[in-house]
Amino acid sequence: MKPIVLQNARIVDPSRDMDEIGCVVIAAGKIITAGNNAHNQGIPDGATVLNLRGHAVFPGLVDARVFVGEPGHHETIVSASYAAVAGGVTSFIMMPDTKPVIDNAALVEYVLRMAKEIALVNVHPAAALTKGMAGQEITDFGLLSKVGAVAFSEGKKTISNANTMRLAMIYARDFDMPIMHETQDTALVGNGVMNAGLMASWLGLSGIPREAEVIPLERDLRLAALTGVHYHAAQLSTAMSVEAMQRAKDSMDKVSAGVSINHLILNETDVGEYRTFFRLSPPLRVEEDRLAMISALRDGIVDIIVSSHDPQDIDAKSLPFADAKDGAAGLETLLAAALRLYHENLVPLKTLVQALSTKPAKLFRLDAGTLKPGANADLVIVNLENPWVVELDMLHSHSKNSTFEKTSFQGRVITTMVAGKTVYSCGLKEIGNVSKR
Amino acid sequence: MTKNNHYPIFPYRHLLGMRGLSKSDIITLLDRANASVSVSQQKDVKRSVLYNRIQINLFFEVSTRTQSSFEIAGRRLGANVVNMPVDNSSVKKGETLIDTAMTLNAMDPDILVIRHSSAGAAALLARKVSCSVINAGDGAHEHPTQALLDALTIRRTKGYIQGLTIAICGDILHSRVARSNIFSLNTLGANVRVVAPSTLLPTGIEDMGVEIFHSIEPGIKDADVIMMLRLQRERMTGVFVPSVREYFHFFGLDCEKLKKAKKDCIVMHPGPMNRGVEISSAVADGPQSVIQTQVEMGVIMRMAIMEALLDSRNRNALGDKI
C-alpha cells in the first residue's frame, strides 16, 4: 500500500488535545504523523497526496452500542459495517442480543472471526452478563474476556435482581472488565411505549416514567461504589439520571455514561401522530431532558455518544404504535446528527470527537480513537459544512427505519479509512487534487 | 345532497378524533345532526344520501351498541352496509392491520368505520386507504362520534353548552370517551371537571384544562351534567382500585349524591353500565337520566357525520386528514 498524505486538513485529535490545520501522513496502515508540524517532515516517496482544503480529519468513530442480528436475523455484520463506514464509524461494540445470545467463548470467537473476514470495520463483541440473558447466572467473565469480549452487558435488558448485579460486579472487578448496563425497571415500564406525560396521555398511549430509568440506575451506582467495578450506564435519557450520575462521579472514578444520539437531537414531540420510527428504548423524553443531556455531554457527566443502532424490519414498524418494536438505524447518521450540536454552538467540536471516538476507545480499551504517531490509521475525513438530506434508500442498513428520515444535516463523511485503507468514499476526488509522486 | 349545501364544509376526509377539530367544525356537525332529528324520527323516511355507497364496519373489538348504531345510521342513509366479522376472518390468522386495510381498499368502499384496541389504529388505516375513515374507538385514544353524540344530547337537553359545568366521573385513564369529551367540551366552552381516584387519571391531566376531584360529592356539586364512565371489571380489584365497595362509596352515583348537583342536572353514561358499581339503577332509570336519549342521538349524529364527510368529498373540498 502506498503511503498517503493528507494536506491542509483540520486535524481534530482529542487524545492529544489537538484542533489545528496540519498534515496527516499514513504508511503501512499506521499514522506516521499528524499535526501542524507534519508539514515540515516531507512527503514519503511514492505517496498519494490529497489536498483536503481545510476539511476535517478525526480519528474514526467508535460506537459503543450497536445491535447486529448476526447470529440471528435483521442486520448482518456486513450490512452494519457498510452502514458504519458511511457514517465514519471504524470500530463498534456489538451488543450480545443475538440469537443465540453471545454468552459463551465460542460465540465471541465466531463473531470475531466472521468480522475479521468480512467486515469493513473493527467489531468488538460485548458478551452477555448472564447466561441466555436470563438475569440469573453470570457468564464466564474470565474466559470471555480472554477471547476478546470487551465488556459485559445485558443488551436491552436490565438485571432486576440486585444481588445478581452485585455479584456480577464483584466478579467482573477481578478481571478488570467493564459492565455496561441499560437501566429500565421492568415493572415501572410496564406496558409503556413512550415517555409518560401529557403527550402520551392525549395519544392514549401508556407512558414510561423517568423514574423507571433512574431508580435502577441509582441502585447500580450504589453497587458500583460498593464493588469498585468499572460501571458504564449504557444510555441515559433524563435530567434526573444526569443528576444521579453527577453525584456518583463526585465520589467515584470508575463510572461512566453514554447517551444515544437520538436523545441529544430529538424529543417526544417527534413521535407526532404515532410515528413508530420514533419508538425507542428508552423513549424520547421532553425538551428539558434533551437539553440536560446536551449540558451533561458538554460538562463530561455523560462521557460518550452512541448510535444505539438497532434497525427493525419494516413490518415491525408498520403497526399501531403500541404494537410496534423499539429501535432505529443510527450508524450512518451518527456523525452528521452530532455535528448539529457543533453547528448550533452547543458542544465544541473537540468535545464531540472526544465523545464519539477517543473516550469510548479509552473506556473499553480499544486500539482506536487517536491520530498519534504509531496508531492504526482509522480515520474519517469530514466536510463539516456540506448540507444534505437523509433519504431512506441511501442507507446501507438492511432495515431502513431511521429517526432522521428527510432530516437536513450540515456536515458529511467524505472518506473513511480503516488501517490506512479507504473503505468508504463519497466525493473524495472532488475535494482534492489527487496527485502522485 | 344539494339541500345540504348551506352547511359550512367539514374540511376533512376522515373523522379520527376530536383533537384537531375547531369549534366551528364541531358546531357544523352538531347543527347538521340537530336539523335532521325530526326527519330521523320519522321511520318511513329513508334518505338516499348514501344510496349505492358502501360502508364497511371493521370492529376489531367486540361492540354491540356502537356497531349497530353505525349500521342503522348507514342503512337509514341508504348505504350498503357490510359488517366485517373480525373474529373468524384473516385478521385472526395473522394478517396485519395494513394488509387488511389494503384488501378492503381494493374493494373500493366509501366509508370505513373502525374500532381497534390500539391507539392510533384508525390513523394508521386512514393513511393507507382512499375512502373516508371514521374512528369508532382506538385504544385509550379517542372515540369522537361518542363525544359528538354526547354534545348533541347536552345541547338538545340544555339548549347550549357554553358555560355549563360538566363532571366526567370514573376511569379517565383508560377511557377514550373521556379524552374525546374533555377536548370537545372544552372547545365548546364548558367547565369540565374530572372525578376519579389518582390511579385512574392519566399523567399530565392537570394540563388538560380540567378541574380535578378525588371524590364524587364535591366533584358533582352544582354540576349541570354528570357523565359517568364505565369501570372495567378487571380494573376494580387490585392496583387501580382496591374493591368495588370502596369504589362505589367514593365514586359511585346514587340518588343521595345526585342531590349535590343542580336540580336540573342530567346524568349520562356511554354504556354499557355496571349497575351498582359506578351508577345505581335508581339513577340510571330515573328522571334525570338521558342515557336512552344518548343512544337515540347516536344514530342521528352518525348519520350527520357520514353525510358531512361525503358531502365535503362530493364538493371536492378536501383538506388534510386529521
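**Exercise 1. The interface**

Task: For this predicted model, state how many residues of chain A and of chain B are in contact, and describe the interface between the two chains.

Solution. 
Step 1. Count the residues on each side: 15 residues of chain A are in contact with 22 residues of chain B.
Step 2. Take the area. Together the two chains bury about 1,500 Å², and 65% of that lies on carbon and sulfur atoms.
Step 3. Sort the residues on the side of chain A that touches chain B: nine are nonpolar, four polar and two charged.
Step 4. Look for specific pairs. Between chain A and chain B there are zero salt bridges. Four residue pairs are in polar contact across the interface, both residues of each pair being at pLDDT 80 or more.

**Exercise 2. The nonpolar cores**

Task: Find which residues touch the most other members of the largest nonpolar core, then list the contacts of A:Ile305.

Solution. 
Step 1. The largest nonpolar core has 108 residues, and the ones touching the most other members are A:Phe58, A:Phe92, A:Tyr231, A:Leu264 and A:Ile305.
Step 2. Ask which element gives the most to this core: helix H12 of chain A, residues 334–343, with eight residues.
Step 3. Leave out residues up to four places away in sequence; A:Ile305 then touches A:Val259, A:Ile261, A:Leu264, A:Leu297, A:Leu334, A:Leu352, A:Ala355 and A:Leu356.
Step 4. Another core lies apart from the largest one; it has 64 residues, including B:Tyr12, B:Leu164, B:Ile205 and B:Ile266.

**Exercise 3. Helix H1 of chain A**

Task: Explain why helix H1 of chain A is described as largely enclosed, and name the elements its buried residues pack against.

Solution. 
Step 1. Apply the cut-off: a residue is buried when its relative accessible area is under 20%.
Step 2. List the buried residues of H1(A): A:Ile77, A:Ser79, A:Ala80, A:Ser81, A:Ala83, A:Ala84, A:Val85 and A:Ala86.
Step 3. Helix H1 spans residues 77–86, and eight of its ten residues are buried, so the rest of the structure largely encloses it.
Step 4. The buried residues of H1(A) pack against helix H2 (105–118) and against strands S7 (89–94), S8 (122–125), S18 (408–418) and S19 (421–425) of chain A.
Step 5. After the helix comes A:Gly88, with a positive phi near 80 degrees.

Definitions and conventions:
Residues are numbered from 1 along each chain as its sequence is written. Chains are lettered from A and ligands numbered from 1 in the order in which they are written. This is a predicted model: local features need pLDDT of at least 70, side-chain atom pairs count only at pLDDT 80 or more; totals for chains, interfaces and linings use all residues. Side-chain values use heavy atoms; hydrogens and water are left out. Contact means heavy atoms within 4.5 Å. Buried area is the accessible area (1.4 Å probe) that two parts lose on being put together, summed over both. A salt bridge is a side-chain nitrogen of Lys or Arg within 4 Å of a carboxyl oxygen of Asp or Glu. A polar contact is a pair of N or O atoms within 3.5 Å; within protein, one must be able to donate a hydrogen and the other to accept it, and residues adjacent in sequence count only if both atoms are side-chain atoms. Ala, Val, Leu, Ile, Met, Phe, Trp, Tyr, Cys and Pro count as nonpolar, Asp, Glu, Lys and Arg as charged, and the others, Gly among them, as polar. A nonpolar core is a set of buried Ala, Val, Leu, Ile, Met, Phe, Trp, Tyr and Cys residues joined through side-chain atoms within 4.5 Å. Buried means under 20% relative accessible area, exposed over 50%, partly exposed in between (1.4 Å probe, protein chains only). Helices (H or I, at least four residues) and strands (E, at least two) are DSSP runs, numbered from the N terminus.
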